[in-house]
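The sequence and the model are shown first, and the description follows.

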Amino acid sequence: MYKTIIISTFTAASLLLSGCGKDTTPSGSILNKVEENKIVGEKNIANVIGTFYKEGLKNISSDNCPTLTTNSDDAVEISIVETSKKYCGNVEGFKKEIQNTIFAINKEKGMAISFDMVNGREDFEKDGSFSKDEIDMYVKYNIPLEDAKQIKRTERDTDTIENVYFKHGIKSPSLIKEWKNLYMKNSYMIAYLEAGVPKDKPAYAVIFAKSGMSPDEIKEWGKIGVTPDDIISLGEKRLPFRNSNFLKLVKDNKITKQDLEKYADAKIINYYDIETLITDKISIAELKKWKNLGIYSDNIKAYKQIGVTPEELEKYYKIGEKKYIPQLFIKDALNAGATKEEVKEFYSKRNK
């Protein structure tokens, strides 16, 4: 029941169908199909390999590649599934497997089938509907030929297509057109993509560039768990990302994304308010009390320095007339040698 054949890189024993002796290696399953169906001629056998190749390419690029299964008892179908699972996302590895398969079949059958006969290049070149560059793109990157044609219409420079778009996973013609329409230098585009800007959100790169946020800053935010999506959404809530000191404040004080979300939801969006929250270690509720009294940042520090609470300050406020000690006075008094108690006593008398 068994037939001796030359196989490709798969181990025959590991892929024999249990109990029925069918060889499910790529070359073995294809050779058996050729014999069973009495397929002759290089072109016809190349078509059988080509079907295997095209089905496998689709599989290894799909999201469900690792969990592929088949209910078929056809050895070629089983081999396609098993080979695809082995090379999920690895186009070059899969192509190498097919080339080994072609070599094995040529040796067994005494033929000269080429990879171009299998991948369709010969047929496409004879057809004349696609350029050499478009066919090269289809063969090298597993891009549908119609997509390749649209991509070449949008971007003629092959180096840009390969090293900017394809290298960063941008293969959709419409998405390439969106990025192209930004009129951004390739170096900037690469920097933003490698900083974490989602490839399907080119508008983010424009927002960051216009706001002055560099790719390096985006990377630093990423290190503390704040993604480009987070920066955009929190920026829309007006957190002060444009302030060059904001990142340092957050990093130095180990502020989390969850903390930033709390500030944004509480509408604490001024840099100095956030700095006061962090450095003076006060709650959002207390900060709001101070702000309701018209006291901000450094003035809050000054009052806390002499032990005055917002509740205490409120007692001295009169309708239409707010009496309080200016922050500079408190600083000057303390610098001149007055004690906190003396300054507070003066403050109490002044506000009675």
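## Terms and basis

A polar contact is a pair of N or O atoms within 3.5 Å; within protein, one must be able to donate a hydrogen and the other to accept it, and residues adjacent in sequence count only if both atoms are side-chain atoms. Helices are DSSP runs (H or I, at least four residues), numbered from the N terminus.

The model is predicted: local features need pLDDT of at least 70, side-chain atom pairs count only at pLDDT 80 or more, and totals for chains, interfaces and linings use all residues. Residues are numbered from 1 along each chain as its sequence is written, and side-chain values use heavy atoms, with hydrogens and water left out.

Asp159 belongs to helix 10 (residues 158–165). Its side chain makes a polar contact with that of Asn163, at 2.4 Å. With a relative accessible area of 46%, Asp159 is partly exposed, a class that lies between buried (under 20%) and exposed (over 50%), for a 1.4 Å probe and protein chains only.

Glu134, in helix 8 (residues 132–141), has a relative accessible area of 7% and is therefore buried. Leaving out residues up to four places away in sequence, Glu134 is in contact with Ser129, Leu145, Ala148, Lys149 and Lys152; contact means heavy atoms within 4.5 Å.

## Nonpolar cores

A nonpolar core is a set of buried Ala, Val, Leu, Ile, Met, Phe, Trp, Tyr and Cys residues joined through side-chain atoms within 4.5 Å. The largest one has 58 residues, and those with the most contacts inside it are Phe166, Trp179, Phe208, Trp221, Leu260 and Tyr263. Beyond its neighbours within four places in sequence, Leu260 touches Trp221, Val226, Leu234, Leu239, Phe246, Val250 and Ile255. A second, separate core of 29 residues includes Ile30, Met117, Phe130 and Leu145.

## Helix 15

In helix 15 (residues 228–236), the buried residues are Pro228, Asp230, Ile231, Ile232 and Leu234. They pack against helix 13 (202–211), helix 14 (215–223) and helix 17 (257–265). Just after helix 15, Arg238 adopts a positive phi of about 75°.

## Helices 3 and 5

The axes of helix 3 (residues 42–60) and helix 5 (residues 91–109) come within 11 Å and cross at roughly 165°. Axes are lines fitted to C-alpha atoms, for helices over the stretch in contact, and angles run from 0 to 180 degrees between N-to-C directions. Helix 3 and helix 5 are therefore roughly antiparallel, the term for angles over 145 degrees.

Note on methods:
Helix = DSSP H or I, 4+ residues; strand = E, 2+ residues; numbered from the N terminus. Parallel < 35°, antiparallel > 145°, perpendicular 65-115°, else oblique.
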